[in-house]
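Here's a quick briefing for anyone opening this one up for the first time. Have a look at the picture, then read on for the ligand's surroundings and a pair of helices.

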Amino acid sequence: MSRTLIKDALLAAAPMEAILLQGWVRTRRDAKAFSFIELNDGSCLKGIQVIADASLPDYVHIAKANTGASLEVRGKLVASKGSGQKWEVVAEKFTVVGEADATYPLQKKGHTLEFLREIAHLRPRSNLFGAVFRVRSRLAYAIHQFFQAKGFCYVHTPIITASDCEGAGELFRVSTLDPLHPPKTEQGAIDYTQDFFGKQAYLTVSGQLEAEIFATALSNVYTFGPTFRAENSNTSRHASEFWMIEPEIAFCDLQGNMDLAEEFVKYLIRDAKEHCAGDLEFFSKFVDKDLLVRLDFVLERPFQRCSYTEAIDILGRSGKTWEHPVAWGDNLQSEHERFLAEEHFKCPVTVYNYPRTLKPFYMRVNEDGRTVTAMDLLVPGIGEIIGGSQREERLDVLRENMRAHHLSEKDYWWYTDLRRYGTVPHSGFGLGFERMLMFVTGVANIRDVIPFARTPGTVEF
Ligand code: 4AD
Ligand code: MG
C-alpha cells in the first residue's frame, strides 16, 4: 500500500477501508480504552487525528509515540465524530519509526521566534515554519510560471563574479589564497593574479549585468537565484544571503518596467491566496491580524507612482520629525519609505527618478541631467521590496557614468560592448524574494522566511 499524504486524506471524498499514513506525532492524549494522536506530515498545516484502541496488539508501544516521534499508521479513514475535522483515522497497526524523548525541543507550549531560530533544524516541524516554507516553495514555482507564461527565458547568471553590480562595495571575496601567507606584489599588496581565478573574485550581489547580456539577445529574460551582500546591517529586512528575481526586458522603458513590477507582485499575491489559503489563514490568525484585508486591498488598487522629488516634498510637508532629516539628494531611509507607503499613500508606491548621485552607474540619465530612471517599489510594513531602472543604453553617457563611479572600462569591456553593438533601450528590476515573502505572510523578520538565515555573525547550520 502506498502512503497517503495527510493533505489528501483530509480532502478525501469518501471513507477509505485502508490507508497508510506516515508523519510525526504532534500530541498524544491517552484515555482509558484508547489514545488520540495528532499526526502531521508537513503536507499541510493541519494534522489528522488517529485513534489507537487499547485492544490493538501494537498498543504496548503507545508510550513511545511521544511528541516528535515519527510514526507509521495503517488503518481506516472514517468520518470524524469530533467537531473541527471531517475525517479521522482508526488505527489497525502502528509503528513508532523513530522515537523522540522528553528533550525534544518542540513540545506543545508556544515558543519565541528567537528560540526557534536557534533550532532552525527543527523549526520546519512547527505550524508557523511549515506554513512559511510551503508558501516559499509555492511562490518560487509561481515566479517561473509568471515569466514562462509571458515567454521570458530563464537565465542562470553566475554566482561567482568579478564585478560589483551595485557598486556598494558589499562583496564577499572568493579566494583560495593562504590567508596567513598570501603572495605579495613588489609594492607589498596581495597579489591576486596568483589567486584561483587570476584576479579578484566575489559572490554576486546581483545577476543584473549578466541578465542584460541575455536580454540584448533573447529579448525577455529573468534570473532567480541567491545573491550575497556583506552589508553590516543588522535589521529585520537584511540578510547576507538572499534570493532575488531579476527580469530584464529589451525595448522597454521605465513605464513598462513599473507596469511589469506591479503585475508581478499582484500575481504572486493572488497565487498565494489561491494555493496557500490554509497557510495564509493561519498567518492572519497568529501572525498579523490585518494580513488578508491588506493583501486584498493591495490587489484591488493600482499602485501609486510618485517621483523622488515629489516624495521629498511630501516628506517635508508631513509635519513629522524624522530621526534622519531628509532633503533633496538624500537617500530615503526606512522611516521615510514606510511613511510614504503606510501613512501617506496607504498602499504600495513606486518612487522613481532618483538623484543620479544616489544610484549605481548603469541607470539611465534623465533629460534634467541630475536624476536617473530608477524605481523603488515601497510597500506598507516593509518599505522597499523592488529596486530597478531603465538602463543607460548610450555608450558615451555610460562611459561618463562609469568614470564618475570610478569604474575601470577595462573591467567592464563586455558591458560597454552591449552599447557598441546593437544597443537598445532596456529595463529591469530585482524583487527580494524574502521581502516578498514577508509581505505575503506578515512575518516581520527576514530571518524567519529563509530556511537558514545568514546575517552578520550567524552562519549556523
Ligand atoms: O535595490 P537592489 O540593490 O537592486 C539590485 O540589486 C538591482 N541590480 C536589481 C535589478 O535591477 N536587476 O536590490 C533589489 C532588491 C531590493 O529591493 C530588496 O527587496 C532586495 O533586493 N534586497 C535584499 N533583501 C534582503 N537582504 C538584503 N540585504 C537585500 N538587499 C537588497
Ligand atoms: Mg535598492
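Which polar backbone atom is 3.3 Å from an oxygen atom of ligand 1? That atom belongs to Gly 432. Keep in mind that this is a predicted model. The protein covers 94% of the 630 Å² of accessible area that ligand 1 has on its own.

**Who sits around ligand 1**
- Ligand 1 has 25 residues around it, and the closest are Glu 166, Gln 208, Arg 229, Glu 246 and Glu 384.
- Sorted by class, that shell is made up of nine nonpolar, eight polar and eight charged residues.

- Gly 387 uses its backbone instead, with an N or O atom 3.3 Å from an oxygen atom of ligand 1.

**Strands that build the shell**
- S15 gives the largest share, with five residues.

**A pair of helices**
- To describe two packed helices, you give the angle between their axes and the distance between those axes.
- Helix H4 covers residues 208-218 and helix H11 covers residues 413-420; their axes come within 10 Å and cross at roughly 30 degrees.
- Angles under 35 degrees count as roughly parallel, so that's the label for H4 and H11.
- As for handedness, H4 passes H11 in a left-handed crossing.

How values were computed:
Residues numbered from 1 in each chain as written. Chains lettered and ligands numbered in written order. Predicted model: local features only at pLDDT ≥ 70, side-chain atom pairs only at ≥ 80, totals over all residues. Heavy atoms only, no water. Near = heavy atom within 4 Å. Polar contact = N/O pair within 3.5 Å; in protein donor to acceptor, adjacent residues only side chain to side chain. Areas by Shrake-Rupley, 256 points an atom, 1.4 Å probe, with all protein chains shown as cover. Helix = DSSP H or I, 4+ residues; strand = E, 2+ residues; numbered from the N terminus. Nonpolar A, V, L, I, M, F, W, Y, C, P; charged D, E, K, R; others polar. Axes fitted to C-alpha atoms, helices over the stretch in contact; angles between N-to-C directions. Parallel < 35°, antiparallel > 145°, perpendicular 65-115°, else oblique. Left-handed = near helix turned anticlockwise from the far one by under 90°.
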